[in-house]
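Colleague: Could you walk me through how to read a fold like this, one feature at a time? I'd like the general idea, and then the case at hand.

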Amino acid sequence: MSDLLSRKLGAPGFSAEIYVKELTQSTVGGHDLLQHRQKIQALSEETNQYLKKNVYQNYMQFIETAKEISYLESEMYQLSHLLTEQRSLIVTLLENSLLGDKAPGLRGVEKPETKAKFNTEIAVNLNVNNQEGRKRLTALLEKVEGCASVVESLTRILIHEGDMVELDPSDNCAIGRVRGFLLNDSFMIASWLPNKRGNMRYQYQALYELEGLAVINIRDLGPVKYAFKLMMFPDTRVLQCANSSDKKEWLEAFDLAKHLKTKKEISPTPSAETKDNSYDEAFNPFADDESFTGFPNGTENSQEVAESIPDWVVEVADDMDVYVAQRDFEEAVSLAEKTRDFWDGASPSVVNLHRDLKLKIDSRIRQLSEVLMNELRVSPDKSLQGGPRAASRAVLLLSRLGQASQACDLFLKHRSALLKHNLRQLKTEGATTLYIKRITSLFFPFVADTGREISRVFPKNKVCASAFVVWSRNEVGKFGNNFRKHVFTSGSTLTTVAECVALVRTHSEQLTEIGLDLTFYLENELRGQVERCLRDAREKLMESIKLRALEDKWRPVNFVNKSGIARFADDMSEIGVASIHSWVYDECWVALTSNTINFSKAYLTFLDDALKMPSADSNIFVDEILLDIFQAQLKHVDNSFRSGKYKGEAKFISRNASFLLHTVLAIAQRRVSEVRLHPCPSFAKLRSEFEWLANDSQKITTTIKSPVADQSFI
């Protein structure tokens with residue numbers, strides 16, 4: 001049947017409306033429709049399980065394919081970058097000759113005065129020179145938050161800056177407003193601060209070196225106009241200018257910066273003859289602020305400096321790019337640690353001489369940290385299938401990179417998203433108590449596991465431990481809101497509320513295993529609703545006492561036969577009254593009124609529920625409610641005894657008072673003492689106040705015959 005149904009539902013021309021219409025015409029009654037619905041639901045679950053199995057079977061293939069694609073993308077990008085660099089190198093070599101003039105291959109292409117005029121115009125338009133560019137770069141410390149590491153390099157100057165809008169590379173939607181800063185060796189992006197803090201207007205985002213940056217012009221198409229793309233492994237960013245002139249200035253600035261950077265690398269110490277045929281040094285934005293006098297023996301000293309840096313240090317940036325492309329984060333982090341140890345052990349002179357290389361490696365390490373942080377970030381379009389193991393791996397690696405606080409924050413956010421996802425998977429169908437049992441069994445072990453993971457990944461880290469405590473408190477607050485929404489409803493009985501609260505209190509004790517006790521905070525979250533439920537139950541009990549008092553005729557109850565007495569004895573035994581047979585006479589008569597019996601059942605049930613819910617701080621409130629209810633019943637007995645209306649039933653009234661004081665109240669005192677480990681003084685005071693009602697009580701003999709029996713229990 002299931003195969004036939006699956007083929008029918010999976011047919012190419014299947015229409016749900018026609019299928020439902022035919023089904024309603026062919027079935028009779030709701031029972032057949034319910035059975036068919038169950039079959040479709042079973043088929044749906046079977047299909048889901050089949051799809052999950054396929055995903056699990058092909059999961060490793062998906063991972064391997066993704067790695068291969070990422071690796072190929074990296075190789076294509078590096079190949080494109082190498083071709084671009086070779087083209088720039090060839091053009092630069094053709095422009096420079098040993099005699100200082102243009103090579104023959106470029107004669108007639110562009111006049112020297114035209115090239116000089118072009119460079120001079122760009123330099124003038126960009127308002128760049130050594131001192132002013134350096135001053136503008138230093139001024140960024142007052143405007144851009146977090147850019148101190150960018151300004152550290154003494155050879156860096158600011159060439160061009162401007163506002164742009166960043167677009168999503170996939171759908172070209174606007175992400176946000178950014179500001180770009182083009183330096184002589186890199187490009188910095190900063191985002192606008194929503195709330196200005198003094199002169200700070202921007203927040204540092206990223207720094208990309210020009211050596212590994214590809215600038216691609218984007219044609220104006222549809223709504224995307226005046227935009228260009230920046231490609232740097234492993235990121236791609238699309239920036240949109242305000243108009244065509246701004247875009248032209250940015251592209252020309254990038255070309256000039258890359259051109260002069262390449263030219264400086266090829267001829268770092270130009271001769272006097274070369275200076276005569278090149279642009280004026282006063283307009284050179286890439287010259288150092290301090291003149292470089294050189295070494296006494298230039299060649300030998302250069303070789304010594306080169307030999308002071310191992311080859312693997314020079315290759316660190318490229319190696320880290322490869323590791324990130326292959327998602328081999330462990331090797332990338334190990335290489336970063338090795339590099340950090342090398343720089344820590346190097347002399348200050350070596351560090352200063354190779355400052356640019358160190359900044360380049362630091363930039364790669366920041367990119368690696370960002371990639372690992374993206375592994376922990378949760379977004380609506382990102383799946384949580386990686387699970388806690390993948391998150392723990394990223395957290396460990398970030399901790400090794402010195403990003404413990406950020407890793408802890410992202411890890412806790414990831415755990416919050418995972419907890420929210422797991423709670424949503426629980427169905428709210430069925431009894432409230434069953435649902436609360438499921439969510440408590442999930443929530444508190446989840447928080448405890450998170451605490452253990454924090455202790456394992458961040459041992460002896462007080463900041464992360466404090467962050468976990470704050471996170472736990474916030475999650476308990478969310479849990480309390482969800483608990484109140486499902487439990488404290490108009491249709492929930494006091495027994496249901498008591499069972500749910502008891503479940504929460506029991507499971508919350510699991511957190512003490514990791515040294516975290518949030519019981520007080522949790523009880524504080526629920527105290528208001530619990531007290532409201534107790535007050536409502538008190539009002540209902542007080543109202544029922546008044547109604548039964550009006551109908552009470554002080555007559556014993558007749559249960560007709562022995563089976564009725566047996567059922568009554570079982571009912572009383574369930575609430576804790578085991579000696580009820582001492583109150584039975586003439587085989588089927590009970591020397592208690594129906595009012596006394598009903599009150600005893602209601603009061604002891606309410607007592608059990610009340611003792612499950614409150615904490616030690618609410619004991620006084622619960623004692624007042626228990627005292628008020630029992631006192632109201634005893635006052636009814638007192639009024640009946642004093643009124644004179646029931647003079648002939650005085651001994652019978654005294655007998656009921658004795659049952660309430662010596663049996664029901666004694667059971668209540670014992671249960672309170674078992675729960676709180678100390679007696680309730682209010683009960684003893686109440687008993688001494690009404691003890692006189694039971695002093696005249698004598699055992700009712702079998703000669704007692706009431707003219708009219710109470711038939712309410714028959």
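Predicted model: local features only at pLDDT ≥ 70, side-chain atom pairs only at ≥ 80, totals over all residues.

Colleague: What is the strand order in the open sheet of three strands?

Modeller: Start with the terms: helices (H or I, at least four residues) and strands (E, at least two) are DSSP runs, numbered from the N terminus, and two strands pair if DSSP finds at least two bridges between them. Here the order is β9-β11-β10, and the pairing is antiparallel. β9 (557–558) and β10 (584–585) are the edge strands, each pairing on one side only. Between β10 and β11 (residues 589–590) there are two bridges, and Y585 has W589 in β11 as its bridge partner.

Colleague: How many bridges join β2 to β3?

Modeller: Nine, with β2 (residues 158–167) and β3 (residues 174–183) running antiparallel. G162 in this pairing sits opposite G180 of β3. Six residues lie between the strands of the hairpin, where N172 has a positive phi near 60°.

Colleague: Which residues of α11 are buried?

Modeller: Buried means under 20% relative accessible area, exposed over 50%, and partly exposed in between (1.4 Å probe, protein chains only). In α11 (residues 316–325) the buried ones are V316, A317, M320, D321, V324 and A325. For reading such a list, keep in mind that an α-helix has 3.6 residues a turn, so residues three or four places apart point the same way.

Colleague: And the largest nonpolar core: which residues touch the most other members?

Modeller: A nonpolar core is a set of buried Ala, Val, Leu, Ile, Met, Phe, Trp, Tyr and Cys residues joined through side-chain atoms within 4.5 Å. The largest has 125 residues, and L534, Y603 and F606 touch the most other members. Helix α24 (residues 650–676) supplies the largest share, eleven residues. A separate core of 20 residues includes M164, A206, L213 and M232.

Colleague: What does L534 contact, beyond its neighbours within four places in sequence?

Modeller: With contact meaning heavy atoms within 4.5 Å, L534 meets L494, F606, A610, M613, F621, V622 and I625. Take V622, in helix α23 (residues 619–643): V622 counts as buried because its relative accessibility is 1%. From L534, V622 is 88 residues away in sequence, yet the C-alpha atoms are 8.0 Å apart. Over the protein chain, 69% of contacts between residues at least 6 apart in sequence join residues at least 24 apart.

Colleague: Why does G564 count as buried?

Modeller: Because its relative accessibility is 5%. G564 belongs to helix α21 (residues 562–574), and its C-alpha is 7.5 Å from that of C588, 24 residues apart along the chain.

Note on methods:
Residues numbered from 1 in each chain as written. Heavy atoms only, no water.
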